Amino acid sequence: MKTSLLLAFVAVLLLVLRARAGATEPASQRAAAVATQGTPAQGGGASLIPFYSTADFTAEWLAPVDPRYARIHRVGPFSLRDQQGELVSNASLRGKLYVASFFFTQCTSLCPKMLVNLRRVQRAFQDEPRVILVSHSVMPSVDSEAVLRRYARENGVDGQKWKLVSGDKETVYALARRSYFAEKRAGLRKSDRELLHTENMLIVDGEGRLRGVFNATLPVEADRAIDELRQLLRELP
């Protein structure tokens, strides 16, 4: 009986000593330990932010030395006009991080909520020229340059930071569904006759690669996107 009590006392004493040791551990070391839990190994120069190459958004942490790195999915070629009549294309966006989204000016369901949270992203990077927003109109027959310009003016959209783009409907829909995977797998089965309507916003890096997908109707998701954009900025050369 005495032996059992002694062993129990020793066990409790060890637990107390371990707890005290953990409390005195530097905060930076504790944070690093938490940050690495559940995160893929970052060897060989892999980014902390994953790549996405499929419509089911399976995350891939790939380093440049990985043979799959060269085959990472990229947004296809496009050339659209924004609310100021300026050309927005792969070439003009190269080297920048951008947040892609989809809307139409007459939308009264998802779009107003998205607008609020995209403005949140705009404010966070107002003075950062390497980050911009690109919102694609899914009703180009209605959203002319003049309409987009008025919408921008009435909704706090900074024309230098936030591009509202429009173009041929078939081009925009193909770009959204097959390049951005904006509606995920469901979009791959849809035709141009079906309205493109999604709450998703996507982070695209300077090489046209998908780096994140978020629900733009939720403030917490906008904050997550902001955090990931900041991390990607830290990784830029």
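Select F57 and F181: both are buried (under 20% relative accessible area; exposed is over 50%, partly exposed in between; 1.4 Å probe, protein chains only). This is a predicted model, where local features need pLDDT of at least 70, side-chain atom pairs count only at pLDDT 80 or more, and totals for chains, interfaces and linings use all residues. Residues are numbered from 1 along each chain as its sequence is written, and side-chain values use heavy atoms, with hydrogens and water left out.

**Aromatic cluster**

Y52, F57 and F181 form one aromatic cluster. Rings of Phe, Tyr and Trp (its six-membered ring) pair if their centres lie within 6.5 Å; planes under 30 degrees apart are stacked, over 60 edge-to-face, the rest tilted. The whole structure has six aromatic pairs. In one of them, the ring centres of Y52 and F57 are 5.5 Å apart with planes at 55 degrees, so the pair is tilted. Y52 has a relative accessible area of 12%, and F57 has 11%. Now turn to F57 and F181: centres 6.3 Å apart, planes at 90 degrees, so this pair is edge-to-face. The pair links distant parts of the chain, 124 residues apart: F57 is in the loop between β1 (51-52) and β2 (59-60), F181 in the loop between α6 and α7 (184-188). Helices (H or I, at least four residues) and strands (E, at least two) are DSSP runs, numbered from the N terminus.

**Helix α6**

Step back to residues 169-179, helix α6. Its buried residues are V172, Y173, L175, A176, R177 and S179. At the N-terminal end, D168 is the cap: one of its side-chain oxygens lies 3.2 Å from the backbone nitrogen of E170. K169 lies over the face of Y173, 5.2 Å from the ring centre. That label needs NZ of Lys or CZ of Arg within 6 Å of the ring centre and within 35 degrees of the ring normal. Just after α6, F181 has a positive phi of about 55 degrees.

**Core**

Which residues have the most contacts inside the largest nonpolar core? Select F78, Y98, Y180 and L210; the core has 57 residues. Such a core is a set of buried Ala, Val, Leu, Ile, Met, Phe, Trp, Tyr and Cys residues joined through side-chain atoms within 4.5 Å. Centre on Y180. Leaving out residues up to four places away in sequence, Y180 touches (heavy atoms within 4.5 Å) F57, V75, F78, Y98, A100, F102, H136, L175, L202, V204 and L210.

**Salt bridges**

The structure holds ten salt bridges (a side-chain nitrogen of Lys or Arg within 4 Å of a carboxyl oxygen of Asp or Glu). Start with K163 and E86, at 3.4 Å, N to O. K163 is in strand β7 (residues 162-165) and E86 in the loop between β3 (79-81) and β4 (87-89), so the pair ties together parts 77 residues apart in sequence. K163 is buried at 10% relative accessibility; E86 is partly exposed at 36%.

Next, select D205 and R211, which meet at 3.0 Å, N to O. D205 and R211 are buried. The charged end of R211 also sits over the ring of F51, 3.8 Å from its centre.

Finish in helix α8 (residues 219-235). E221 bridges to R224, with the closest N and O atoms 2.7 Å apart. E221 and R224 are three residues apart, so about one helical turn separates them. E221 is buried at 15%, whereas R224 is partly exposed at 38%.

Note on methods. A polar contact is a pair of N or O atoms within 3.5 Å; within protein, one must be able to donate a hydrogen and the other to accept it, and residues adjacent in sequence count only if both atoms are side-chain atoms.
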